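Colleague: I am new to this structure. Could you walk me through it, starting with the core and then the helices?

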Amino acid sequence: MSELTQTDKNSLTGALQERSAGTDGQGAAPAKLSAVFPSYARYDLSLVKGKGSWVWDEQGNKYLDFMCGLAVTSLGHAPEKVGAKLKEQIDTLWHVSNLFHIPGQDRVAALLTENSCADQVFFCNSGAEANEAAIKLARRYHQKVKGTDRYEVITFEQSFHGRTLATLTATGQAKVKEGFLPLPVGFKTVPLHDLEALKAAITEHTAAIMLEMVLAEGGIIVVEQEFLDGVVALCKEHGLLLIVDEVQTGMGRTGKLFAHQHYGIEPDIFTLAKGVASGFPAGVMLGKGYLREAFSPGSHASTFGGTPLAAAVMEATIETMLEDKLPERAAEMGEYLRGQLRAKLADTSFVKEIRGKGLLIGIECQEPVAEIVLAGQKRGLLFVQAGSDVIRLLPNLYVSTDEIDQAVDILSELIHTYANKVSGEANS
């Protein structure tokens, strides 16, 4: 476990005192989350403070964070500019209904549209809501604007689009659908990189094709350029909308502000969340101008979408990302990280492939990696899986070469140790 320096200890004191203030008069720790539904397989850690690339637990142990809340804290923990903007807004105005104009929304929308192919923006609270809005917009455009009977959305195996009934149906993983039958109609799933299967799935009812540029939850699978070109051609041929899910890949994560910019395409609709607001709950759906009429007044809404607080955090996050050229930095640091991993892991056949874009990196292994993830926590390094046999690395976009070197050294030792263990068990 990484030990705390005196500076770290002083920094952590306030967070621990605040936590102690919430205990009973005897100073006992609060009860575990017994009143919370057990829908998360939680790690046995309680994190109470973060700064930059580092987080601390309630015992004062320090961890190098290569999870970033699953690609959320892309500016690192507690970024100063974003925090200052949020504190300023807290003292000004928290919430008003979207029945009123919210100036911060206009500023955020301008930042996003001026730096993308989109013309219109809808604000919501999460990636699932952004994808839900995208599905609704696609259907309503075809039915109310074009006057057709199109409603089906085609997605791909191993994809992940959310946990609402529509978005989990769109998700190409059976495990997220268990126990939620009957699922909504209007979705088809085909194998990724199988253009013939995609062609066969298109009917007169097809409204859109929806995909991620990197299937993050599905194993860090990078979409091939040739296949994507074929998808775009099919959309044009059949009058379909192309929806790109950028919930995890957007906001500089892959080395471009938006991952689809690597491919030279312009989606009709794309979605953002996670890294767009530095940990504040926010989601965004963006679309082309010709879709504007489909979302007429009353057609879709979100009570908490784009509130003054959310808009302030999004604005500061996006401005920081652009001013500090963080997408470019992610590309550079991602190349360095992959290079270091390949150098340190080249001697083990346990690692099948190291892949990804920017600072969204997967290490595919011969065996399940859950034990390696837990061992990493004991060594002071936080990372997560992407499927059973892929280690997913998601450091913040300011991550330093020194921090990368520390992480790679720990990870290399963990992987080699586990590989030797598996090999020894196989030979015994």
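**Cores, helix packing and backbone**

Modeller: The largest nonpolar core has 87 residues, and those with the most contacts inside it are Leu-341, Ile-363, Ile-391 and Leu-393. Please keep in mind that this is a predicted model.

Colleague: Which helix gives the most to this core?

Modeller: That is helix α12, residues 401-427, which gives 10 residues.

Colleague: And what is Leu-341 in contact with, leaving aside its neighbours within four places in sequence?

Modeller: With those neighbours left aside, Leu-341 is in contact with Ile-354, Ile-361, Ile-363, Leu-393, Val-408 and Leu-411. There is also a second, separate core of 22 residues, and Phe-122, Val-153, Ile-243 and Ala-294 are included in it.

Colleague: Let us turn to the helices. At what angle do α3 and α9 pack?

Modeller: Helix α3 (residues 80-90) and helix α9 (residues 308-323) pack at about 155°, and their axes are 9 Å apart. Angles over 145 degrees count as roughly antiparallel, so α3 is roughly antiparallel to α9. The crossing of α3 past α9 is right-handed.

Colleague: Which residues of α3 meet α9?

Modeller: On the α3 side they are Lys-81, Val-82, Lys-85, Leu-86, Gln-89 and Ile-90. The α9 residues they meet include Pro-308, Leu-309, Ala-312 and Val-313. By class, the contact of α3 with α9 has 8 nonpolar, 3 polar and 5 charged residues.

Colleague: How does α4 cross α9, roughly parallel or roughly antiparallel?

Modeller: The axes of helix α4 (residues 103-114) and α9 come within 9 Å and cross at roughly 30°. That angle makes α4 roughly parallel to α9. Here α4 passes α9 in a left-handed crossing.

Colleague: What does α4 bring to that contact?

Modeller: Gly-104, Gln-105, Arg-107, Val-108, Leu-111 and Leu-112 in α4 meet α9 residues, among them Ala-311, Met-314 and Ile-318. The contact of α4 with α9 has 7 nonpolar, 2 polar and 3 charged residues.

Colleague: Changing topic to the backbone, where is the cis peptide bond?

Modeller: It joins Leu-181 and Pro-182, with omega at about 0°. Pro-182 lies in the loop between α6 (165-170) and β6 (187-190).

Colleague: What is the phi of Gln-158?

Modeller: Gln-158 has a positive phi of about 75°, although it is not a glycine. Gln-158 is in the loop between β5 (152-156) and α6, and at 37% relative accessibility it counts as partly exposed.

Colleague: And Ser-278, is that buried or exposed?

Modeller: Ser-278 counts as buried, because its relative accessibility is 15%. Ser-278 has a positive phi of about 55° without being a glycine, and lies in the loop between β11 (269-272) and β12 (283-287).

How values were computed:
Residues numbered from 1 in each chain as written. Predicted model: local features only at pLDDT ≥ 70, side-chain atom pairs only at ≥ 80, totals over all residues. Heavy atoms only, no water. Axes fitted to C-alpha atoms, helices over the stretch in contact; angles between N-to-C directions. Helix = DSSP H or I, 4+ residues; strand = E, 2+ residues; numbered from the N terminus. Parallel < 35°, antiparallel > 145°, perpendicular 65-115°, else oblique. Left-handed = near helix turned anticlockwise from the far one by under 90°. Contact = heavy atoms within 4.5 Å. Nonpolar A, V, L, I, M, F, W, Y, C, P; charged D, E, K, R; others polar. Core = buried A, V, L, I, M, F, W, Y, C linked by side-chain atoms within 4.5 Å. Buried < 20%, exposed > 50% of the residue type's maximum accessible area, 1.4 Å probe, protein only.
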